[in-house]
Amino acid sequence: MLVLVAPGQGAQTPGFLTPWLELPGAEDRLRAWSAAIDLDLVHYGTDADADEIRDTAVAQPLLVAAALLSARQLFPTTGDVAREVGATAGHSVGELAATALAGVVSDDTALGLVRARGLAMAEAAAITATGMSALLGGDPDTTVAHLEKLGLTPANVNGAGQIVAAGTLEQLAALEADKPEGVRKVVALKVAGAFHTHHMAPAVAKLEVATAGLDVADPAVPYVSNRDGQAVTTGAEIVTRLVGQVANPVRWDLCMETFQERGVTALIELCPGGTLTGLAKRALPGVKTLALKTPDHLDAARTLIAEHSSTAE
């Protein structure tokens, strides 16, 4: 059983889309999306520096565009995804790409929504100086209790020994000076706010307006939600969860548990892949993983699809 996943914010690096634009039609598609959302995705994916693409309003549309651009090289239509893929999910903003791949909304609609999401979350992040840090190692229960004592939120519970804390910069500095027992390392993330916490409440209100009356379909492939790792069966519920998820923790650990329960044998992480495959290697032993970083990985992805898709013999 093949799972298709899309990475979240922080996965972007300067110039990561450059090789993808050499593929036939790729640059035209990216320029069309750029015009539709009033953001130069070609520039930000090729020439922009690390600080430019760290901006939430830029990073989120860029990541969803990259995931969809790479996915459409393997699965041109929703029908292709439905035939070959056993489940799809995205980490945080990656959920917008997963929503499109599952056929709930069109790629164009997903890009419009993520543009609104990125702008709303950037505005919310500007209210207070906040950020996020990854904690590596340690016991989850001990770590969560320690974070709560410091006033921090366990914003991403990623499994495989990784929890991401979010809060004010002062709270994160206190965490750096006072790590939870058993935690080996605290790593500041390349994000510009305390996402998936109460600091994002203003963004939730704006997304409720942006999604009102949206035309959606039920998913054509099982869609696994960040909220609780459950497969959601209606498009309306998926959109409701996308809105609320902005201010609530990501439970990627529970998503991976669901993949396992459903019998996952292979996982492909869309561009810019790496983070989620790393987690899967530790949490899902025996599962074949592949990170789509450049078009050079497409042939290996096609081989994996042939061997592990729903139509494989």
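Strands β3 (residues 130-137) and β5 (residues 162-168) run antiparallel and are joined by seven bridges. Strands here are DSSP runs of E, at least two residues long, and helices are runs of H or I, at least four long; both are numbered from the N terminus. Two strands count as paired if DSSP finds at least two bridges between them. Within this pair, Ser 133 stands opposite Ala 165 in β5.

This is a predicted model: local features need pLDDT of at least 70, side-chain atom pairs count only at pLDDT 80 or more, and totals for chains, interfaces and linings use all residues. Residues are numbered from 1 along each chain as its sequence is written, and side-chain values use heavy atoms, with hydrogens and water left out.

Now widen the view to the whole sheet. Strands of a sheet pair through backbone hydrogen bonds, either parallel or antiparallel. Here the sheet is open, with four strands in the order β4-β5-β3-β6 and antiparallel pairing. Its edge strands are β4 (153-159) and β6 (183-188), each of which pairs on one side only. From one strand to the next, the twist averages 25 degrees. Angles of this kind run from 0 to 180 degrees between N-to-C directions, and the axes are lines fitted to C-alpha atoms, for helices over the stretch in contact.

Asn 156 lies in β4. Is Asn 156 buried or exposed? Asn 156 is buried, because its relative accessible area is 6%. Buried means under 20%, exposed over 50%, and partly exposed in between, with a 1.4 Å probe and protein chains only. Asn 156 and Glu 170 are 14 residues apart in sequence and 19 Å apart in space, C-alpha to C-alpha.

Where is empty space left? Rolling a probe the size of a water molecule over the atoms shows this. The search uses a 1 Å grid over the protein atoms alone. A cavity is a set of points where a 1.4 Å probe fits but cannot get out; a pocket is an open set with protein on both sides within 12 Å along at least five of seven lines. Lining residues have an atom within 4 Å of a point. Points are joined across faces, edges and corners, and a volume is the space filled by probe spheres set on them.

The largest pocket holds about 420 Å³ of space. It is lined by 24 residues, and the closest to its centre are Gln 9, Gly 10, Ala 11, Leu 189 and Thr 275. The elements giving two or more residues to this lining are β3, β4, β5, β6 and α13 (275-283). Helix α13 gives the most, with three residues.

There is one cavity of 30 Å³ or more. The largest cavity has a volume of about 80 Å³. Its lining consists of Leu 96, Leu 113, Arg 117, Leu 207, Thr 211, Val 239, Leu 242 and Val 243. Helices α7 (107-125), α10 (201-211) and α11 (235-245) each give two or more residues. The largest share, three residues, comes from α11.

The whole structure has one aromatic pair. Trp 252 and Phe 259 form it edge-to-face, 5.9 Å centre to centre, with 80 degrees between the planes. Rings of Phe, Tyr and Trp (its six-membered ring) pair if their centres lie within 6.5 Å; planes under 30 degrees apart count as stacked, over 60 as edge-to-face and the rest as tilted. Trp 252 is buried at 1% relative accessible area, and Phe 259 is buried at 0%. Cys 255 is buried at 0%, and Cys 271 is buried at 0%. The structure holds zero disulfides (pairs of cysteine sulfur atoms within 2.5 Å).
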